[in-house]
Amino acid sequence: MAASHRVSVFPSPRELGPALARLVAERAAATGSGRFSLGLSGGSLVGILSRDLPAAIAAAGPAAPSRWLVAFCDERLVPPEHPESTAGAYAAQLLPQLPAPGPRVLAPATGLPPAAAAADYAAQLRQAFPGEDVPVFDLLVLGLGPDGHTCSLFPGHPLLQEKEKTVAAITDSPKPPPERITLTLPVLNAARMVVFVATGEGKAAVLKRILEGDEENPLPAARVRPRPGQLRWLLDEPAARELTIPVEKHPVP
Ligand code: 6PG
């Protein structure tokens, strides 16, 4: 992968979380009085953002969440109250901590069959991003699976070739639950900024492949190369331990 991205390494998620939260609040503030569009992912990010984002928003002052449009980069097709629901987890853990009035949240219609849920979310995006064939998010926060997946885009899956749809359905996710909807690569690569967050030694080997490999058939996360948007990686030391490329160490030694 070309070295056109920044890789920041923190001792642990405790230090990474506030830095991620500051980055989100700064990007929101940079949109001035305009709208800030933010795509969120599930997994450990829910806990990190719920712990650290409210304070960063309070510190940023004018970054009022009422100007925010929040969407989900992927969602498991389970009811919002189900423990596996990403939207439900954010609704329970993060949103109640944000100052009122809160952001506009695009909720996936998880009660629909997968293809209909994907079409519904694509229609919600079309309505929220008028005039944009592909929605251009100000910021997408993505996770990384130990197999190199991001969103619900899995290695070797035909969805990696999707060029037309902004949101696709998947019914055979190798990570349960099998039925999900996901933003597609054209949307990820249209964003103004994409931030990947990966922590823990279970991500070390795959990060080496993604950030230092030059594979003929790149892993899903290695296909995320926003142009002209920016790409950032926030890692903890266990996740970064196999990397030999230059990284920014935080706190700066
Ligand atoms: C899912 C998860 C998944 C997650 C990565 C990283 O839908 O199954 O949201 O895509 O983002 O597996 O997860 P962790 O951050 O928890 O390691």
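## Cis peptide bonds

Pro251 is found in the segment after β11. In this predicted model, the peptide bond that leads from His250 to Pro251 is cis, and its omega is near -10°. Another cis bond runs from Arg227 to Pro228, with omega near 5°. Pro228 belongs to the loop between α6 and β10.

## The parallel sheet

An open sheet is built from 8 strands with parallel pairing, in the order β5-β3-β2-β6-β9-β10-β1-β11. Strands β5 (104-105) and β11 (248-249) are at the edges; each has a single partner strand, so one side of each has no neighbour in the sheet. Helix α4 (residues 114-128) packs on this sheet and touches β3 (68-72) and β5, with its direction at about 160° to that of β3.

Within the sheet, β1 pairs with strand β10 (residues 230-236) in the parallel sense, over 5 bridges. Helix α6 (residues 204-212) lies across β1, β9 (193-198) and β10, and runs at about 155° to β10.

## Ser8 in strand β1

Ser8 is part of strand β1 (residues 6-10) and stands opposite Leu234 in β10. The relative accessibility of Ser8 is 0%; the limit for a buried residue is under 20%, so Ser8 counts as buried.

The side chain of Ser8 takes part in polar contacts with two side chains: that of Arg232 at 3.2 Å and that of Glu248 at 3.5 Å. Leaving aside neighbours within four places in sequence, the residues in contact with Ser8 are Arg232, Trp233, Leu234, Leu235, Glu248 and His250.

## Helices α1 and α2

Packed helices are described by the angle between their axes and the distance between the axes. For helix α1 (residues 13-30) and helix α2 (residues 45-60), the axes come within 8 Å and cross at roughly 50°. The two helices, α1 and α2, are therefore oblique to each other. The crossing of α1 past α2 is right-handed.

On the α1 side, the contact is made by Pro13, Arg14, Gly17, Pro18, Leu20, Ala21, Arg22, Val24 and Ala25. On the α2 side, the contact residues are Leu45, Ile48, Leu49, Arg51, Asp52, Leu53, Ala56, Ile57 and Ala60. An α-helix has 3.6 residues a turn, so residues three or four places apart point the same way.

## Helix α3 and its cap

Helix α3 (residues 86-93) has Thr86, Ala87, Gly88, Ala89 and Tyr90 as its buried residues. These buried residues of α3 pack against β2 (36-40), α2, β3 and β4 (74-76).

The N-terminal end of α3 is capped by Ser85, which has a side-chain oxygen 2.8 Å from the backbone nitrogen of Gly88. Gly88 is itself among the buried residues of α3.

## The antiparallel sheet

A further open sheet has 3 strands in the order β4-β8-β7, with antiparallel pairing. From one strand to the next, the twist averages 20°.

Strand β7 pairs with strand β8 (residues 180-183) in the antiparallel sense over 4 bridges, and Ala169 stands opposite Ile181 in β8. Helix α4 packs on this sheet, touching β7 and β8, and its direction makes about 165° with that of β7. As α4 also touches β3 and β5, this helix has contacts in both sheets.

## Buried loop residues

Lys203 lies in the loop between β9 and α6. Its relative accessibility is 16%, so Lys203 counts as buried. Not counting residues up to four places away in sequence, Lys203 touches Leu144, Gly145, Pro146, Ala198 and Ala239. Lys203 and Pro54 are separated by 149 residues in sequence and by 27 Å in space, C-alpha to C-alpha.

Cys151 is in the loop between β6 (139-142) and β7. Although Cys151 is not a glycine, its phi is positive, at about 50°. Cys151 is buried, with a relative accessible area of 6%.

Methods. Residues numbered from 1 in each chain as written. Predicted model: local features only at pLDDT ≥ 70, side-chain atom pairs only at ≥ 80, totals over all residues. Heavy atoms only, no water. Buried < 20%, exposed > 50% of the residue type's maximum accessible area, 1.4 Å probe, protein only. Polar contact = N/O pair within 3.5 Å; in protein donor to acceptor, adjacent residues only side chain to side chain. Contact = heavy atoms within 4.5 Å. Pairing = 2+ DSSP bridges. Axes fitted to C-alpha atoms, helices over the stretch in contact; angles between N-to-C directions. Parallel < 35°, antiparallel > 145°, perpendicular 65-115°, else oblique. Left-handed = near helix turned anticlockwise from the far one by under 90°.
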